[in-house]
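Please examine the sequence and the three-dimensional structure shown below. The paragraphs that follow lead through them step by step.

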Amino acid sequence: MDKSRQVIVMFWITHIGLIFFLYPTEIIGSLTAGHWCAVLLGFLIHISMLAVYTKGLSQCAPLNVIDLFQGVGRVFAFAMLLPLAIYFIMIMIITIRAYAEIVTVIFLGNTPLWTIMLLFLAVSTFICLLGIESIFRTGMLVALLFFPFLILVVVLSFQNTDWHYMLPLMDRDAATFAYTLRRPFLKSLFAFVGGFLFLGFIPPHIPFQGRKIVLASLGLIPFFLVSVYVPLLTFGENTASKFPFPFIMAVDTVDVSWLMFDRVTMFFMISMLCFVILFLSLGMWVTLLMIKRGIPVLKDPTACLLLAAVVYSVCLLVPNWSAVERLMWWNTLPRYYAAFIIPLAVFALGARRRRMEAVRP
Amino acid sequence: MRISARRLVLFAVVLAGTLALSGCWDIKDINHRSLPVVMGVKQIDDTYKVLLLIPDATPSRTDVKIISQSGSTIDEILDKIDRNMENKVDLLHLKVIIFERSVAEKGLSQSVESFMRARDISNKTLTAISVGALEPLFDKLTSSSTSDGTEMYDFFEKNAGWSPEVVQTRIWEVFRSMDSFTRDVVIPTIQPGLSTTIESNGAAVIKNGRMVGVIDSDESLLYNLFKGTGTQGKIEVMNHATVKIVADRLTRSSELKEGQATMKGRLHLKVTVLETVGAPTEAEIKQEIDEQLSARFQSMLRAAQAKEADILGIGQYFRDKLSRENLRQWRTKYYPFMKIEFKVHVIIQDEGLLKMKR
C-alpha cells in the first residue's frame, strides 16, 4: 500500500514547524528589498536537492541510507554518517532551546526554561519510543487538528497588510545575488534542509513515491512567502527588521472582534509547537537509527533515553539567545554537508547500483 | 505479575505528576491581580508620571481607582506601583494608553519603544493624546456614573461607541511610523467632555514620534476615508443638505515626473439624503459634496505638507518610482511639493423616505 500521504503530511509538518519563527528574521535581515528572490532561491536549492535525494532513494529502493552506505564499506558508512548524526543532534539542541526561549518570550513569561525544554523533550522521546509508524500516525492526527487553525491564522494575518510595502520588487542588491554570502541568508537555509533528510531512513514497509513528495513540497512555497511577507507588508522593512520574531509580531497586530480569544497568536503558537515536537521526535528517531547501527550494544529504550539526556544537558548549558544564534551559525557547516553531500552521495550510489544491475541482470 | 506491578508504579508516578504539575507556574490568581484598563503618561521635565485606571470589582459593584507614580522611566514606575500595591499589576488587558500633549510634543519614541518591547503589553493597545492635563480626565473617568473603567475603551471600540470622525491608532502603528520613510500617523486627541465623559475634537499629527500639528474632526473623517476604515453612517453637513455615507471607495494613482510628484485621488461615495434645507436638486448636492470635501482635503494636505508629515502615507504610492535613497528623502524633497488632484464622485443612492425635486 502506498503510504505517500502520511509521508507528505509529515514532510509538511516538519517544514511548517520550522518556517515561521527564525526563518523570516534571517531573510529580512539579509536584504532590504526583493525578499521573494531570496525565498525562491532557497526553495530552488531545497527542491533540487529533494529531487536528487528522492531519485537516488528510489533507484536503490528497499535500502535506506544507512544500508546503502554500509554496502560500500563500514568505514565509508561511518565517515559519511557521523557528520549527519552530529547535524541531527545539533539541530535537536538548537530547536529545543530556541523554541523554549520563544515560548517564554511570547506567552509563558514566568515558567523557567528547563521545564519547557523538559516538556518538549519528554513528549518527543515518548513518541519516538513508539516507533516510526506512530510518528506518522500522530502526524496525521496533529495535521487534522491543527491545519485548520493554521490556515485561519494565516488568512487573518493579512488583516493589516499594505501591499505597497512589497515595492520595490527588486534592487541592485537582490538582483546581483550579493546577499547569498551573507550570514543571515546562509543561516536561513536551515528551514529548507532540516525537514527532508528523514525520507532516506523510512523503512520499506512504509512505501512512498518520491515524485509525489517533490510535488507536495511545492505546496510549501506559500508558507515560506507568507512568513516573510506578512511582517514586511504589515510593518515595512525598516520596522520589521527590528523584531526577533517578525511573523509573531504581525499576527499580534490582528484584531478580530468576533473571535472569542483576544490573541490569535495563541492558536498559532500551540499548533506550531505540536509540529515542532513531531519534528523533534522524527529527528530523534533518525539519529537513533544511526547510533544503534554505529554502537550495536545500545538497545532501544536505553539508547533513546541516553540521547534525550545528552540533548537535555547540552540544552541546559546554553545560557542565552545569542548563544543559540552562535550554535546555529556553527551548525552551518554540518547543515551544508547534510543538504548537499548526502543527497548527492545517495544519488551517485543509486546510479552506480543501476549500472551494475544493467551489467549483471 | 511483575509487569502489572511495574505498571502500577508507573501509573502512580503519572498520577502524582498530573496532580503536582497542573500546568501553572508561579501563578497568581485573578483576585490577586490588578488589571489596569487605561494608562496615562505625562512628563514633568525629565521625570515621567504614570496614571493607571484600575477597575476594582467587588461582588456588589465595580469601582474604579486611580494609581499614580513618577520616576525616570516607565518601567521603573510600573515596578514601583507593583511594589507598593497589594496585588500584582498585570498589563495584559491594558486597552488604551493616553499621552499628555506635552509628552507627545517632546517625542513618544522612548515610551512607545518600551511598550513594544514589554511582553505583557499588547501591541494592539489603542493610543490617544490628552489635550489638557491628565488628572482632570482621569477624575472624570472615575466620577462618571456608569464607570466600570471601560468607557475609554468603548469610546474607541468599533463595535461599541466608535464613530467615523475618531481615528483609531494602535501602538504598533505609531511604532511603525517612527522608522518609516513614507508614513506618519495621527493619534486622536481627547479631553473630558462637558456632558459626556470624553470628547474628541480631532487628532494630533505625529511625525517620527513627535507631535507637530493637529487636524480637526472633519479632517479625521477624511483621514479615515483615505485609510479605508469604514466610514459608514457619517453625517455630512452642508449648506443645503445632510447626507449619510453608505459606501466609499477610493482609487489612487501616482506619477513622478522630473522630481515632481503628482497624486490623483478619486473618492467614490454612495450617499443617502437625510435632510434638506430649501429645495436643492440632486446635481447641486453632488457638486456641493465634491467642492466641500475637496477643499477640506486640500487644506488638510497643505497643512500636513507644511509640516512634512505624510499622515496619509502617500509616499507608499511612490515606493516603486523612487530608489531607496530617494525614498529616504521623500518627506523633505518630494512630499512638500507634491501636487494632488482630488475629486469626489457622488452617487445618491436614495433620497430617504421623501421624494426630492427633480
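The bounds of a domain, as the word is used here, come from an automatic or database domain assignment. The structure itself is a predicted model. For chain B, the assignment gives domain 1, residues 30-228, and domain 2, residues 231-358. The centres of domain 1 of chain B and domain 2 of chain B, taken over C-alpha atoms, are separated by 30 Å.

How many residues of domain 1 of chain B are in contact with domain 2 of chain B? On the side of domain 1 of chain B there are 21 residues, and they are in contact with 24 residues of domain 2 of chain B. Four elements of chain B give two or more residues each to the side of domain 1 that touches domain 2, namely β8 (185-192), β9 (198-207), β10 (210-215) and α8 (217-227). Of these, α8(B) gives the most, with eight residues. By class, this side of domain 1 of chain B divides into twelve nonpolar, four polar and five charged residues.

Within chain B, strand β6 (residues 96-100) deserves attention. Five of the five residues of β6(B) are buried, so this strand is largely enclosed by the rest of the structure. B:V96, B:I98 and B:E100 point one way from β6(B), while B:I97 and B:F99 point the other way, and all are buried. Strand β2 (residues 38-44) of chain B pairs with β6(B) in the parallel sense over four bridges. B:F99 in β6(B) is the bridge partner of B:V41. β6(B) also pairs with strand β7 (residues 126-130) of chain B, in the parallel sense and over five bridges. Here B:S130 in β7(B) is the bridge partner of B:E100.

A residue of another kind is B:D45, which lies in the loop between β2 and β3 (47-57) of chain B. Its phi is near 50 degrees, a positive value in a residue other than glycine. B:D45 is exposed, with 5 other C-beta atoms within 10 Å.

The description now turns to chain A, whose secondary structure comes to 18 helices and zero strands. The C-alpha atoms of chain A fill a box of roughly 65 × 45 × 40 Å, taken along the principal axes. A compact globule of 361 residues would have a radius of gyration near 21 Å, and chain A, with 20 Å, agrees with this. Of the 361 residues of chain A, 45% count as buried. Among contacts in chain A with a separation of 6 or more, 83% join residues 24 or more positions apart.

In soluble globular proteins, nonpolar side chains tend to be buried together. The largest nonpolar core has 121 residues, of which A:M92, A:I96, A:F120, A:W285 and A:V311 touch the most other members. Leaving aside neighbours within four places in sequence, A:M92 is in contact with A:L280, A:G283, A:M284 and A:V311. Another core, of 88 residues, lies apart from the largest one and includes B:L94, B:V271, B:A309 and B:W330.

A:F177 is found in the loop between α8 (172-175) and α9 (183-188) of chain A. Its phi is near 60 degrees, a positive value in a residue other than glycine. A:F177 counts as partly exposed, with 13 C-beta neighbours inside 10 Å.

Finally, the two chains meet in a contact that takes 18 residues from chain B and 21 residues from chain A. Helix α7 (residues 171-179) of chain B gives the most to the side of chain B that touches chain A, with four residues. That side of chain B has four nonpolar, five polar and nine charged residues.

Notes
Residues numbered from 1 in each chain as written. Chains lettered and ligands numbered in written order. Predicted model: local features only at pLDDT ≥ 70, side-chain atom pairs only at ≥ 80, totals over all residues. Contact = placed C-beta atoms within 7 Å. Nonpolar A, V, L, I, M, F, W, Y, C, P; charged D, E, K, R; others polar. Rg over C-alpha atoms; globule rule 2.2 N^0.38 Å. Buried ≥ 20, exposed ≤ 12 C-beta atoms within 10 Å, placed from the backbone. Pairing = 2+ DSSP bridges. Core = buried A, V, L, I, M, F, W, Y, C linked by C-beta atoms within 7 Å.
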